[in-house]
Amino acid sequence: MLALRFGLQRLSASIGARLPPGSAWRPAVGAGLQARGMGTNTTDDGQFKTWKPLAPTLRHRRMASRKDLHKGGPERSLTVAKRRSGGRNNTGRITCRHRGGGAKRRIRLVDFRRSEPGPQQVVRLEYDPGRSAHIALIKHMETGKLSYILAPAGLKPGAVVQSYMAQGLKMQPAKGEAAAAAAAADGAAQKDGAAAPAKEASAGEAEAEAGEAEAGEVPGALDYSSEGLVLKAGDMARPSLEVGNCMPLKLAPMGSIVHNIGLHPFGRGQLARSAGTWAQLLYTAPTGLAQIKLMSGEIRRVPVDACATLGRVSNPNHKHEKLGSAGARRRRGWRPTVRGTAMNTHDHPHGGGRGKSKGNKHPRSPWGKLAKGGKTRRKTSPMVVRGRPRRSQK
């Protein structure tokens, strides 16, 4: 049956090649074969790409759809060569098992800081072999600079994204601070004598501005939260709450869904970067620490000046993929894993003995560490408010 099918495909291809370009039979041949399921071996419904079971390894193979991604290669200037070590250190000894081989790759240089201000247009969405999420190539609309960012879910080519990290979030001082500054300026003006009128005027203007800020009457001032976060007019534009925009956590609304979250003020994003991940902003303030809830259920403190991008990461169907064959794993750089029970006594704690016995031991690693239920964390971070729920807590 397989030989007949492939023979018909080759015959139709040869017939189509011999027909003239404008012949009405050329599209008819292809349409007829596709109607009979012979024109292609794959099906892409927008969510998953599946294969016809022409081989046992293709029967359950299922990959996330990439029909909307760029079909060509990456931007060469934004990539570097990836040099592999095969899991070996500088002395040539294996320090990381099950690594080696695989197709050649180039590392895409993704911008996790988003420090470039101004509008940036999405040129295209691309596949990145070095991560589970998709990436977006963006172009600055003023300077023309290209860069890669993590593509949020729902981002389309042609969309405009912005970053509000470079403006600095200069907040107006409180009324007490303005009054103290005015008093200091007044005292210095009395000592100087001649410069007193001008400095008194400046102090009066500062106090008047503080009073207007307290009343919320500063033209162009913006209030972003219930805490009264007021920004100076002209210092910063009001952040647009569109998917893909990056801003400090102090400017993001409470309850918003964010990803690519930093752990340090104005640092690079480190949390919620894998495919389909996100975090929820529970609390924020003009200064201090914000609180976010991760997908694992952990609630963590993060500086309010840390970056965060609105939306969730793209490619949520990555967790439902099935490679289907061992060769697919080898092409991704993974080597086979040998079971401990199949080894000798001196190679693994589960090895040796007669039959499939583990020596009456709990499951453990080749170096004796408990593999199931054993605690490996020595200390918890003081920034963690509530840890993720464990099996014993459910």
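**A tour of the chain**

Residues 24 or more positions apart make up 57% of the contacts in the chain with a separation of 6 or more; a contact means heavy atoms within 4.5 Å. The model is predicted: local features need pLDDT of at least 70, side-chain atom pairs count only at pLDDT 80 or more, and totals for chains, interfaces and linings use all residues. Residues are numbered from 1 along each chain as its sequence is written, and side-chain values use heavy atoms, with hydrogens and water left out.

Start with the whole chain in cartoon view. It has five helices and 18 strands, taken from DSSP runs (helices: H or I, at least four residues; strands: E, at least two) and numbered from the N terminus.

Next, select C307. Is C307 buried or exposed? C307 is buried, with a relative accessible area of 0%; buried means under 20%, exposed over 50%, and partly exposed in between, with a 1.4 Å probe and protein chains only. A disulfide is a pair of cysteine sulfur atoms within 2.5 Å, and a search of the whole structure finds zero.

Move to C96. This cysteine is partly exposed, with a relative accessible area of 32%.

Finally, select V80. V80 is found in strand β4, residues 79-81, and is partly exposed, with a relative accessible area of 34%.
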